[in-house]
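The sequence and structure are shown first.

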Amino acid sequence: MNNKTMQLLKVAFPFTIPILAGYAFLGFALGVLMSANGFSPLITIIMSTIIYAGSGQFIAVNLLTAMFNPLGAFLLELMVNARHIFYGLSLLDTYKQSGKKRWYMIYGMTDETFSLNIAVKPPSYVDKNWFMLAITIMNQIYWVLATGLGAIFGSFVHFNTKGLEFVMTALFIVIFVEQWMKDKRHYSAVIGLGVAFVSLLLFGGKNFLVPAMIGIFALLTLFRKHMDISVANKNDGKEVARIE
Amino acid sequence: MMGKKWRALNNTQLIITILVMALAVQITRFAPFLLFPADKPTPKFVRYLGGVLPSAAISLLVIFSFKDVSIFAGSHGLPELIAVAVVVALHIWKRQMLLSIALGTIVYMILVQTVFMATNL
């Protein structure tokens, strides 16, 4: 490694320490969970490399242990990760100046990496585009390592993992609470809860997702006039920082 | 719950599902950059969805987490209820994401491995 790269890593690393802590914990738990469900560490590592999305991969454990339903898996992942569209819109201008580097930076745009890259100001002697690239790469390395180590640990060390799947539930609940406290109005969250719950009662656990997604989309479209005002003064892309 | 449930999928189906999920996730990341050049205004409806979908999607995921919980059988959803209460209370109190998740999970694991062991499905 030449001096410039070393300097870049030295400057960027401290910014990523909170992400390192979060990814280490969640990634390790995800890895153990994957192994407990019979997946080899290699599968976990491949998924962390090509999917690289926290809640997306927790959901994937469920999708990969259910019946074969690629369309349902596709739609659910689309919905779960739809917030990335919003991040992308916020970073259009910033990433446009990053040349070819931006293609990897888009690929690795998780909640956490977004929250750093939208806000950081590197010292003047470091190129901002290389800096954002370094952050994106380091964060993905943490995730791949943490999930991989968890998976290897889980495949060697056998302990009673019953109930460990609650990590995913707890993660979603925490994000929900955070989102709830951040939102000025709760139409969208209530629509999500209500439609999903009714759909679960009507269609049952195996089939409720697609009707729920259609229902949520329809209601959000229908109530747009009502809710647009609340959206305007909510997320303007500066305060989104959470574990994915 | 553990065991080798994923054998429900054969290897081809497993690979297809993983690729399809990767495709979906990456579409959500690349779409804005491919569809909306930075020098043109983004359609209002897309911006609207970007604002409201995250809350709705996370609500859907919360319900999704409980899709296999039965109120009328087994432990009647009690361990879930207790653990969720722990997570919510702890998070409102401390707002430490990892602390809320870790403690909530430990509480749940203890509940289903000891207190509610006999009633598990």
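## Domains, interface and salt bridges

The C-alpha centres of domain 1 and domain 2 of chain A are 27 Å apart. In the domain assignment, domain 1 of chain A covers residues 3-156 and domain 2 covers residues 183-232. The model discussed here is predicted.

**The interface between chain A and chain B**

The size of an interface is often expressed as the accessible area that is lost when the parts come together. For chain A and chain B the buried area is about 8,000 Å², and carbon and sulfur atoms give 78% of it. On the side of chain A, the residues that lose the most area to chain B are Phe68(A), Lys162(A) and Phe166(A), which together account for 9% of what that side buries. Chain A contributes 98 residues to the contact, and chain B contributes 74 residues.

Polar pairing across this interface comprises 19 residue pairs in polar contact, both residues of each pair being at pLDDT 80 or more. Helix H9 of chain A (residues 166-182) supplies the largest share of the side of chain A that touches chain B, namely 15 residues. By residue class, the side of chain A that touches chain B consists of 66 nonpolar, 19 polar and 13 charged residues.

Thr169(A) is one of the residues located in helix H9 of chain A. Apart from its neighbours within four places in sequence, Thr169(A) is in contact with Ser65(B) and Phe66(B). Thr169(A) counts as buried because its relative accessibility is 6%, under the 20% limit for that class.

**Salt bridges**

Side chains of opposite charge can pair when their charged atoms come close. Over all chains, a search of the whole structure finds three salt bridges.

| Arg83(A) | Asp111(A) | 2.7 Å |

In the salt bridge between Arg83(A) and Asp111(A), the closest N and O atoms are 2.7 Å apart. This pair links distant parts of the chain, as Arg83(A) lies in helix H5 (residues 83-96) of chain A and Asp111(A) in helix H7 (residues 111-117) of chain A, 28 residues apart. Arg83(A) is buried because its relative accessible area is 7%, and Asp111(A) also counts as buried, at 0% relative accessibility.

How many salt bridges does the rule find across the interface of chain A and chain B? The rule finds one there. Arg95(B) is partly exposed, with a relative accessible area of 43%. Glu178(A) is partly exposed as well, with a relative accessible area of 21%. Both residues are placed in this class because the values of 43% and 21% fall between the limits of 20% and 50%.

Asp68(B) is classed as exposed because its relative accessible area is 60%, over the 50% limit.

Technical notes:
Residues numbered from 1 in each chain as written. Chains lettered and ligands numbered in written order. Predicted model: local features only at pLDDT ≥ 70, side-chain atom pairs only at ≥ 80, totals over all residues. Heavy atoms only, no water. Contact = heavy atoms within 4.5 Å. Buried area = accessible area lost by both parts, 1.4 Å probe. Salt bridge = Lys/Arg side-chain N within 4 Å of Asp/Glu carboxyl O. Polar contact = N/O pair within 3.5 Å; in protein donor to acceptor, adjacent residues only side chain to side chain. Helix = DSSP H or I, 4+ residues; strand = E, 2+ residues; numbered from the N terminus. Nonpolar A, V, L, I, M, F, W, Y, C, P; charged D, E, K, R; others polar. Buried < 20%, exposed > 50% of the residue type's maximum accessible area, 1.4 Å probe, protein only. Domains from an automatic or database assignment.
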